[in-house]
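Keep the sequence and the 3D view at hand as you read.

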Amino acid sequence: MTQTKQSKGGEKLFKFFVYFMLILLAVCIIVPVAWVFMASVKQNSEFYGNPWALPASFYWQNFVSAWKGARMGEYMLNSAIVTVTALALLLVIALPAAYCLSRFKFRGSKFLNTCFMAGLFINVNYIVVPIFLMLKDGDMWLKNLMGHGFLLNNLFVLALVYASTALPFTIYLLSGYFASLPHDFEEAAYIDGAGYGTAMTKIIFPMAQPSIITIILFNFLSFWNEYIISMTLMNSAKGPKTLPVGLLNLMQAQQSKAEFGTLYAGLVLVMLPTIILYICVQKKLTQGMTVGGLKG
């Protein structure tokens, strides 16, 4: 009886510690985000008082200034184009590749799997300079051949680089999930006369929907918030910029002008799409992260 009471007491203490840490973590995340939203509707004069004071009124002009005056609307459109294009390229390449590598054994499949696994250990930030030099040399060759180049300061090329660098992680995660799915449904489809493509698109992909949504969300966050590659490859002063690079320019400009409300409005514009997307796919994301480990 004594040991039972001690074990119950230890279990309650452990639960209390877990809940306390979760609440503390939630507060550490929610408070800064809420403060940024609150600061985005303040006037500049309010920033020189109590930083935790509620805004006297909702000053929406900050968002207008950030959207039009600081060109955040243009930067957001560029980021949306790059992110959607990169996700489309990534899914078109990664889904069939992961399906083939996980469901079929052929000559060279182990080598390909090893190559993609090796790509997981390469930090993209370490190869930004080689990628830039390669595209710069390609631009010079195109200028000599055609009179102009298009590899740098090009949104589609930036999206292609994003998709290429995300392939190892995406194929690794999808392959692990596809390998856990039973073969019975595919075999039944083959008996009914379906081909490999039909079985892949009509059977496997719908079954793997939670995993695919997880991949889309992770890569969306990565592409949307990426800064180093975008800053390096979109280096023209008058060329297109993505939202993180534009936000840095806004921060540098507003610090000298002391227009803090416009700065925080720009931060809200960056955060809002990711928060909305996460809220929309939260349940599917949880399924995609857990269901693969529950299958036999």
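Is threonine 170 buried or exposed? With a relative accessible area of 0%, threonine 170 is buried in this predicted model, since the cut-off for burial is under 20%. That residue lies in helix H6. Leaving out residues up to four places away in sequence, threonine 170 touches Leu90, Ala94, Ile215 and Asn219. Threonine 170 and leucine 95 are 75 residues apart in sequence, yet their C-alpha atoms are 8.6 Å apart in space.

**The overall picture**

Let us step back to the whole chain. Of the 296 residues in the protein, 37% are buried. Among contacts between residues at least 6 apart in sequence, 72% join residues at least 24 apart.

**Two helix pairs**

Two packed helices are described by the angle between their axes and the distance between the axes. Here are those values for two pairs.

| Helix pair | Axes come within | Crossing angle |
|---|---|---|
| H3 (residues 72-103) and H6 (residues 155-180) | 7 Å | roughly 35° |
| H7 (residues 184-191) and H8 (residues 196-207) | 10 Å | roughly 145° |

H3 passes H6 in a right-handed crossing. The residues of that contact divide into 24 nonpolar, five polar and one charged.

The crossing of H7 and H8 is right-handed too. On the H7 side the contact is made by Phe185, Glu186, Ala189 and Tyr190, and on the H8 side by Tyr196, Ala199, Ile203, Ile204 and Met207. By class, the residues of the contact of H7 with H8 are eight nonpolar, no polar and one charged.

Now turn to serine 79, which lies in helix H3. Serine 79 is buried, with a relative accessible area of 3%. Leaving aside its neighbours within four places in sequence, serine 79 is in contact with Trp224, Thr242, Leu243 and Pro244.

By class, the lining of the largest cavity has five nonpolar, three polar and one charged residues. This cavity has a volume of about 30 Å³, and the count of cavities of 30 Å³ or more comes to one.

**The largest pocket**

The model also has open space to explore. The largest pocket has a volume of about 400 Å³. Of the 18 residues that line the largest pocket, the closest to its centre are Ile122, Val124, Thr165, Ala166 and Ser222. H6 and H9 each supply at least two residues of this lining, with the largest share, six residues, coming from H6. The lining of the largest pocket is made up of eleven nonpolar, six polar and one charged residues.

**Two loop residues**

Asparagine 153 lies in the loop between helix H5 (128-146) and H6. Phi of asparagine 153 is near 55°, a positive value in a residue other than glycine. Is asparagine 153 buried, partly exposed or exposed? Asparagine 153 counts as partly exposed because its relative accessibility is 25%, and that class runs between the cut-offs of 20% and 50%.

Glycine 239 lies in another loop, between helix H10 (228-233) and helix H11 (243-257). Glycine 239 is buried, with a relative accessible area of 12%. In sequence, glycine 239 and leucine 152 are 87 residues apart, while in space they are 9.6 Å apart, C-alpha to C-alpha.

Terms used: Residues are numbered from 1 along each chain as its sequence is written. This is a predicted model: local features need pLDDT of at least 70, side-chain atom pairs count only at pLDDT 80 or more; totals for chains, interfaces and linings use all residues. Side-chain values use heavy atoms; hydrogens and water are left out. Axes are lines fitted to C-alpha atoms, for helices over the stretch in contact, and angles run from 0 to 180 degrees between N-to-C directions. Helices (H or I, at least four residues) and strands (E, at least two) are DSSP runs, numbered from the N terminus. A crossing is left-handed if the near helix is turned anticlockwise from the far one by less than a right angle, and right-handed if clockwise. Ala, Val, Leu, Ile, Met, Phe, Trp, Tyr, Cys and Pro count as nonpolar, Asp, Glu, Lys and Arg as charged, and the others, Gly among them, as polar. Buried means under 20% relative accessible area, exposed over 50%, partly exposed in between (1.4 Å probe, protein chains only). On a 1 Å grid over the protein atoms alone, a cavity is a set of points where a 1.4 Å probe fits but cannot get out, and a pocket is an open set with protein on both sides within 12 Å along at least five of seven lines; lining residues have an atom within 4 Å of a point. Grid points are joined across faces, edges and corners, and a volume is the space filled by probe spheres set on the points. Contact means heavy atoms within 4.5 Å.
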